[in-house]
Amino acid sequence: MGDINVTPDRNQETIEDLQYKGLKIIQNKACFCFGMDAVLLSSYVRLRRGDRVLDFCTGSGIVPILLSGQNKAKELIGIELLDYIADMGMRSVALNGLEDKLKIIKGDVKKAHQLVDGVFDVITVNPPYEKENEQRQSPNDYLKAARHEVHITFKDICKTANRMLKCGGRLTLVQRVVRLPEMMSTMRAHNLEPKRMRLVHSTVDKPPILVLLEAVKDGREGLKVDPPLIVRTKGGEYTKEIDRIYHRDEE
């Protein structure tokens with residue numbers, strides 16, 4: 001499972017300081033490295049003390065590692081299909097001494113019910129943004145899997161989330177805003193009611209590029225639209241809110 005013809009060279013790995021609670025993560029530029037969208041997603045997730053959290057398509061584990069810094073979740077589990085990426089995530093967990101709190105599992109999200117027991121309070125996902133046949137695909141299998149729905153679709157994600165969330169559980173994700181109508185309809189088809197949304201703009205005068213979205217399993221109708229998140233000022237500097245999300249205001 002998750003086999004790819006070429007395994008990246010471990011000599012290309014780097015350790016990145018997340019500058020938050022002393023957390024670090026192992027990255028390899030030959031694969032897909034996490035970006036701002038993963039950081040924004042982790043900041044948008046609502047955690048309650050004692051929550052069980054499951055992260056789909058976890059990659060090297062960036063979202064659950066960042067969420068571990070909140071010290072609220074009882075348990076954090078990430079599922080990753082690709083063997084090398086999952087192994088890198090496991091080593092990041094060990095690097096941070098999080099083995100008692102966070103687990104990375106090699107496996108297919110579509111079979112999550114076979115990989116972990118019980119239901120969860122929160123599911124997070126930073127999914128592939130492009131449909132399988134849209135736009136040119138990278139010849140790099142790792143980049144292709146991260147960017148295109150070659151292994152999992154948004155419908156698969158919603159179907160599995162419905163199965164793995166408890167009633168009232170929350171699915172929180174980030175995706176390109178162009179896919180928002182499809183996301184809304186697919187969520188509702190799987191008893192996941194969109195409840196909270198925030199649009200992300202590169203600058204205040206540009207249209208949104210990303211959407212942060214939270215849905216509740218078996219939730220009632222009623223969507224709250226949060227104020228837009230602006231990444232940079234017109235002068236090109238990061239906004240104060242981005243500095244806060246990256247914890248740069250604590251320096």
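**A helix pair and its surroundings**

Tutor: The crossing of α6 and α7 is right-handed; a crossing is called right-handed if the near helix is turned clockwise from the far one by less than a right angle, and left-handed if anticlockwise. Helices here are DSSP runs of H or I with at least four residues, strands are runs of E with at least two, and both are numbered from the N terminus. This is a predicted model, in which local features need pLDDT of at least 70 and side-chain atom pairs count only at pLDDT 80 or more, while totals for chains, interfaces and linings use all residues. Residues are numbered from 1 along each chain as its sequence is written, and side-chain values use heavy atoms, with hydrogens and water left out.

Two packed helices are described by the angle between their axes and the distance between the axes. Helix α6 (residues 154-164) packs against α7 at an angle of about 35 degrees, and their axes are 9 Å apart. Axes are lines fitted to C-alpha atoms, for helices over the stretch in contact, and angles run from 0 to 180 degrees between N-to-C directions.

On the α6 side, Phe154, Lys155 and Cys158 meet Glu182, Met183, Thr186 and Met187 of α7, where contact means heavy atoms within 4.5 Å. By class, four of these residues are nonpolar, one is polar and two are charged. Ala, Val, Leu, Ile, Met, Phe, Trp, Tyr, Cys and Pro count as nonpolar, Asp, Glu, Lys and Arg as charged, and the others, Gly among them, as polar.

Beyond the end of α7, Asn191 lies in the loop between α7 (180-189) and β8 (192-203). Although Asn191 is not a glycine, its phi is positive, about 60 degrees. Its relative accessibility of 43% makes Asn191 partly exposed; buried means under 20% relative accessible area, exposed over 50%, and partly exposed in between (1.4 Å probe, protein chains only).

Now consider the interior. A nonpolar core is a set of buried Ala, Val, Leu, Ile, Met, Phe, Trp, Tyr and Cys residues joined through side-chain atoms within 4.5 Å. The largest such core has 34 residues, and Leu18 and Ile62 have the most contacts inside it. Cys158, which meets α7, belongs to a second, separate core of 28 residues that also includes Ala112, Ala161 and Val211. In soluble globular proteins, nonpolar side chains tend to be buried together.
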